[in-house]
Amino acid sequence: MLRDIGLMVLVAALTACGGGGGASQTTTPTSTSSTVNDTASTTPTSTSSTSSTSSTSSTSSTSSTSSTSSTVNDTASTTSGTTGTSANIYAPAGFEAILTSSYAPTLSAATTLVSRSRYLISDSASASTSANYLTIGSTYSATTGYAVESSTIPAASTYGTYLSKLVQAVSGSDGYFRLDSHLHPNQSIDVDVSDSNRLKFRNNFGKASTTYGYVTFGYDSSTKLLQAKKRYKYSYDATTYTATYTEDSTFAGANQYVSYAGGAYKLVSSDSAATRLYLYASPIDFSIPVNMNPAATAYVSNAKAPFKTKTTTDAVEGSNGLIYKNVNSTYQAQVKVAGSSAETKASADAFLATIKTTLAAKGEKLRYDPSVYTAFRDAALATKLVSDAVADGTPGQNLVPYVYFTNEQDTSGSYHPFMIVVSYGNPSSPHGLQDIPRPPGEGGVLYPNARVTRFSNLENYILSIPLKDYGLVTAVTENTLSSTLLSDMGLSVTSANVYNYASIADNGVLINGAVMFPVMNNVLVPSQSMGELSANGCHVGQGGGGPHCHADGYQSSKGVGVAVYGDSDYVGKTHPPLIGFGYDGVALFGVYRSSDSSMLGYSTVLDSFGGHLHDSLAYHYHAHAVANYPLAGSSVTYTLNVLMKGAYIGKTNSIPFFGMNSSFSNNKYLGGTVK
Ligand SMILES: [Zn+2]
Ligand SMILES: [Zn+2]
């Protein structure tokens, strides 16, 4: 994964030199060719095969989309009724809501621990409602982590009931297993000798204010006893954020057993005081789906690249934070409070209505009805970090602290309104980076020796989504891009298509504030084919930061808190959910499932960009599948789980600062006072 890597470095550099205010949506060519790692050398340059074998209509003659340019229907959107709009335009529920929704699977017993598999651990050989399960506590402490608690599975159970009980077994070089929480994967089970040998979840993968470590265990499938074996102490370098795990030579708990009594789990010396513990397999398969690793690339054991520190919530939020301080008085009411707020919503809704009127007076229009932007804004602002999975994140914090609307004029008096999205660039659910077979590696080092990205940290994104209807292109090359995946490979523009005439970096933002990247990586191979993505279709680039997504996690996992949307979002609706925006201002909706034939637009074929125009909704993208995509150098085919293929159908040439590095100091469209 080369270009990602170079680009993410660039973004990191931008953030540093732009005073923390650099917008990340940049197509500025990276000059960091030296950061090219060996991924390319292991990947046949299969450019010709991938471009010729991409879906049938993916060449530059995107004629099927041309008919839509004249029909972008502002009038339809303004006349759509409230009822129709709410059923058509809605955001996915989000992970916090999923955790509280009903879920009652049947558990099946497991006999042994298998590395990277997830289990429930119970004191009962049968999964009854009276069985007690090891559970991660609900209270987070920056210094002490989470408690190891016990709870039952009531008849009225939810996803949260199960996810809080899942532990992932991870075998180490000693052959024993570390037990990580699935819901809060920064947390592993440790023992507290100062508290009667109680087991506790401790942070082993982040910027913990106090560091502890973890215990490894062996499980005897005949005696059903879980036995402590070794302990490793966790520490990290406060400057480089390199994590280190060293064996605790003073650990006195080796060969002690886990005992469950009085609601507490402890280590005890005698097997007579130990508790027989039974394993149940995770009712949800969180492993990497075949389509996310069609070449069956093996799991690499490379050391983990250090996590980064790019920003803090204090630097971004509040009256002294980056945003409020830089935004001028016209927009301050929209950013007075971080996250969801009735007060800022009233200001934002009112300002959006003003934008619509202002454009109309100029004979121009918004691309969508205001309800589309409002749905995105409200859902993004409600996104909170649920999972303790981000190295420098705090569960419960906002992930998208601000979304606000600006409306500035250029020198000729034209308005260029934007939706500005301020995001920390992480999903609220577990990111799954630890399970990626072969994550991006650090630059300048051959992959076998490279440290790889399995940590996530807070990003410092200020993203701009154009609100005005700038029209649609009829051929990808109508948009002038300073650098594309195609040009980056030194290839001629005559072979431009929807896959390769694309940004070398992020090309849009998902509704949880994570960014999207094109399907193809910078050697024009689908990122999905490399075994470098999580089950949610994302990974962290070499420069660290939050995971960016090359593929649609919904299509790989069917929801359940992995993707930004799931089946439950479709219930009672007439169109798939709104899940993001391309930087061209074109909205992205979820995939049409085979069961959605009665939904609006189902029978309106998607064009080569993955978009279409139907009913009262202006032209928009849908996540979609490209079946039978050939795996380079093999007879295997797989399904591409596409968010956006890569190229923009929205016209971008008149969008100010499009694809450029900018910040409050030079880009007034971000809503600041440009000096
Ligand atoms: Zn990537
Ligand atoms: Zn549609």
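Mentor: Start with an open sheet of 3 strands, in the order 15-16-17, with antiparallel pairing. The model is predicted: local features need pLDDT of at least 70 and side-chain atom pairs 80 or more, while totals for chains, interfaces and linings use all residues. Residues are numbered from 1 along each chain as its sequence is written, and chains are lettered from A and ligands numbered from 1 in the order in which they are written.

Trainee: What makes strand 15 and strand 17 edge strands?

Mentor: Strand 15 (402-409) and strand 17 (461-466) each pair on one side only. Strands here are DSSP runs of E, at least two residues long, while helices are runs of H or I, at least four, all numbered from the N terminus.

Trainee: How do you know that strand 16 and strand 17 pair?

Mentor: Pairing takes at least two DSSP bridges between two strands. Strand 16 (residues 415-423) and strand 17 are joined by 6 bridges, so they count as paired. They run antiparallel. Val 421 has Leu 463 in strand 17 as its bridge partner.

Trainee: Which helix packs on this sheet?

Mentor: Helix 11 does, touching strand 15 and strand 16. Its direction makes about 25 degrees with that of strand 15.

Trainee: Which residues of helix 11 and helix 12 meet?

Mentor: Among them are Leu 352 and Lys 356 in helix 11, and Tyr 373 and Arg 377 in helix 12. Contact means C-beta atoms, placed from the backbone, within 7 Å.

Trainee: What makes strand 25 mostly covered?

Mentor: In strand 25 (residues 617-622), 6 of its 6 residues are buried. A buried residue has 20 or more other C-beta atoms within 10 Å of its own; 12 or fewer means exposed, and in between is partly exposed, with C-beta atoms placed from the backbone. Across the 675 residues of the protein chain, 56% count as buried.

Trainee: Which strand forms a hairpin with strand 25?

Mentor: Strand 24 does, with 2 residues between the two strands. Asp 615 in the turn has a positive phi of about 50 degrees. Strand 24 (residues 611-614) and strand 25 are antiparallel, joined by 3 bridges.

Terms used:
Contact = placed C-beta atoms within 7 Å. Axes fitted to C-alpha atoms, helices over the stretch in contact; angles between N-to-C directions.
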